[in-house]
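Work through the exercises below with the sequence and the structure at hand. Try each task before reading its solution.

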Amino acid sequence: MVTAEGYRSLTTQLFPRADPHLTDDTVFAVKEDLILDFTPSDDPKASLDLKYDFTLTPLSPGNSQSQRNESQMGNKVRVGAIQAEPVWLDLQGGVRKVTSLIEQAAKDGINVLGFPEVFIPGYPWSIFTEPTITNTEFIAEYQANSLGRESVEMDKIRSSVKKAGIFVVLGYSERAGGSLYIAQSFIDPSGTIVLHRRKIKPTYTERAVWGEGQADSLTNVIQTPHFGRIGALNCWEHFLPLLRYNEYCQGVDIHVASWPLFWDRSKDLPGSYNSQASANRLTGQFMAMEGTCFVLIATQLLTEGNRERTKLSDVPFVKTPGGGFAMIFGPDGKPLVPAFDPGHEGILAADIDLGAIDYAKQVLDVVGHYSRPDLLSLNVNREPAKHVHYISASESRLIHSVDESHKVTTE
């Protein structure tokens, strides 16, 4: 049997069942390191070298609802949503700020903590207000201060999470080779990254800075031992109805909505209400109602002293201090805490009972009794695309043989 948190159990036969001298063995697996534990019989044949292959199969979103077959009533969790200013374009300073917020959350008794989108090294709002060509040096500095998923800096963050003993969804600009991605890493209380995803469609001019997440980023919910099933999306991913539905099918209980910073404007540009703070907060409230889950909206903010650093000195709608719109919603859409002032830095916290989800689902379960999969359903591709496909020597010979055969036939 192959078992791992977040994976379907698989039975692996290591020995021929027809052999009466040999027994079945149990194989245990974890995500980071593979641990094999088996006890063969006393028969000498069992000491032979073993060669076998098996695949850990992630839980299918369509089957994940079967995990919620018991009431979670009484399962109380303290959740936190950050509203804070990043350390702009400063990787080392950003790491120090992240670890400081994690330490503060632990002191506040928070179990699950959500960070804003690209909190390291901050959201570069000037990509909307400046021409790309004049932003070249700014983006080069931004790239140099983005965070690698496997790096010394990430190790410091993971160690901080482990020390705090909490679950963190960290939003950051991920540097991978020569590219950047809008990433979220799910870090469990042991300091292990148990799930990692990238924004599947950067928004508007974001596409000039960040690449797109692949199909593996559609797996965006993880089962935890004590805090239910935790999911996350970035910013305007919340406007993608099929992406939301994909998450509901994974049985999310607590959703982290990672956002940058936005402001409300008195004089709107045409068609721009949906890019204001109050409108974006509504997406979290609607997701809480539609998905019958708790939603933690985590946002950035900007202070007056950093307007020049972020190239926003002369942008009239940028109000400082401001930009924050953090909130925590219950599974019926009710706000659970008073909102901070847009310029206030802190961690919104709420004590929740995951059993409240059952009450909301009595009347609305969009992946259960309130759905018609016989009429409307969602197809999801979960196989990441590859840049290069290598073929074996035998496959190469086969292709060559087919080509030669085709050549003879046509001649």
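This is a predicted model: local features need pLDDT of at least 70, side-chain atom pairs count only at pLDDT 80 or more; totals for chains, interfaces and linings use all residues.

**Exercise 1.** State how many helices and strands the protein has, and what share of its residues count as buried.

Solution. Begin with the secondary structure: there are eight helices and 11 strands. Next, take the burial: of the 411 residues, 48% count as buried. Finally, look at the contacts with a separation of 6 or more: 68% of them are between residues 24 or more positions apart.

**Exercise 2.** Describe how helix α5 packs against helix α6.

Solution. Two packed helices are described by the angle between their axes and the distance between the axes. Helix α5 covers residues 241-248 and helix α6 covers residues 277-291; their axes come within 11 Å and cross at roughly 45 degrees. The crossing is right-handed. On the α5 side, the contact is made by Arg244, Glu247 and Tyr248, and on the α6 side by Phe286, Met287, Glu290 and Gly291. Sorted by class, the contact has three nonpolar, one polar and three charged residues.

**Exercise 3.** Locate Glu117, listed by UniProt under "active site" in an unreviewed entry, and decide whether it is buried or exposed.

Solution. Find the place of Glu117 first: the loop between β2 (112-114) and α2 (126-129). Then apply the cut-off: buried means under 20% relative accessible area. The value for Glu117 is 0%, so Glu117 is buried. Last, list its contacts, leaving aside neighbours within four places in sequence: among them are Tyr123, Lys199, Glu206, Trp259 and Gln300.

Note on methods
Residues are numbered from 1 along each chain as its sequence is written. Side-chain values use heavy atoms; hydrogens and water are left out. Axes are lines fitted to C-alpha atoms, for helices over the stretch in contact, and angles run from 0 to 180 degrees between N-to-C directions. Helices (H or I, at least four residues) and strands (E, at least two) are DSSP runs, numbered from the N terminus. A crossing is left-handed if the near helix is turned anticlockwise from the far one by less than a right angle, and right-handed if clockwise. Contact means heavy atoms within 4.5 Å. Ala, Val, Leu, Ile, Met, Phe, Trp, Tyr, Cys and Pro count as nonpolar, Asp, Glu, Lys and Arg as charged, and the others, Gly among them, as polar. Buried means under 20% relative accessible area, exposed over 50%, partly exposed in between (1.4 Å probe, protein chains only).
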